[in-house]
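Please read the points below with the model open beside you, and check each one by eye as you go.

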Amino acid sequence: QVQLVESGGGLVRPGESLRLSCRFSGGTFMTYAVGWFRQAPGKEREFIAAVAWSGRNSYYADSLEGRFAISRDNAANTCYLQMNDAKHEDTAVYFCAASSLADYDGGVHYRASRHYDYWGQGTQVTVSS
């Protein structure tokens, strides 16, 4: 049974950085792309970034590219999300998810939560001074 466990969330001040981790278990990590999403209270789940199985291709939400960076370590079965220059509007629960879909067509399908097979339980990130 595939499981994803996020960690690294917490309280961060505006302008600071934070790195989230997503630990994968119960399957073959390299057969999945990994995406990060977030959901703020009263809002829909929002795509942040995705990385293909090899780590060579990554995709970002247009509005967030530049402050977020996704990476993966296949040897460690872990995916990371680096957030820089934190803003109040980044406050949300952050989720990682695994997709068995292949990397094609510019990774457009990775932006939709319905294309993911497994989800973590989420980790809270609060940006506050």
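This is a predicted model: local features need pLDDT of at least 70, side-chain atom pairs count only at pLDDT 80 or more; totals for chains, interfaces and linings use all residues.

1. Residues are numbered from 1 along each chain as its sequence is written, and side-chain values use heavy atoms, with hydrogens and water left out.

2. An open sheet is formed by 4 strands in the order 1-3-8-7, and their pairing is antiparallel. Here strands are DSSP runs (E, at least two residues) numbered from the N terminus, and two of them pair if DSSP finds at least two bridges between them. Strand 1 (3-7) and strand 7 (68-73) are the edge strands, each of which pairs on one side only. On average, neighbouring strands of this sheet are turned by 15 degrees against each other, direction ignored, where the axes are lines fitted to C-alpha atoms and angles run from 0 to 180 degrees between N-to-C directions.

3. Strand 3 (residues 18-25) pairs with strand 8 (residues 78-83) in the antiparallel sense over 6 bridges, and Arg23 stands opposite Thr78 in strand 8. Strand 8 also pairs with strand 7, again in the antiparallel sense and over 6 bridges, with Cys79 of strand 8 as the bridge partner of Arg72. The hairpin of strand 7 and strand 8 has 4 residues between the strands, and in this hairpin Asn77 takes a positive phi near 55 degrees.

4. In a regular strand the side chains alternate between the two faces of the sheet. Strand 7 has a covered face with Phe68, Ile70 and Arg72, and an uncovered face with Ala69, Ser71 and Asp73.

5. How many disulfides does a search of the whole structure find? The search finds 1 disulfide, a term that stands for a pair of cysteine sulfur atoms within 2.5 Å. Cys22 and Cys96 form this disulfide, with their sulfur atoms 2.1 Å apart. The pair links distant parts of the chain, since Cys22 lies in strand 3 and Cys96 in strand 9 (residues 92-99), 74 residues apart. The torsion about the S-S bond of Cys22 and Cys96 is about 70 degrees, so the disulfide is right-handed. Both cysteines, Cys22 and Cys96, are buried, which means under 20% relative accessible area (1.4 Å probe, protein chains only).

6. Cys79 is buried, with a relative accessible area of 1%.

Technical notes: Buried means under 20% relative accessible area, exposed over 50%, partly exposed in between (1.4 Å probe, protein chains only).
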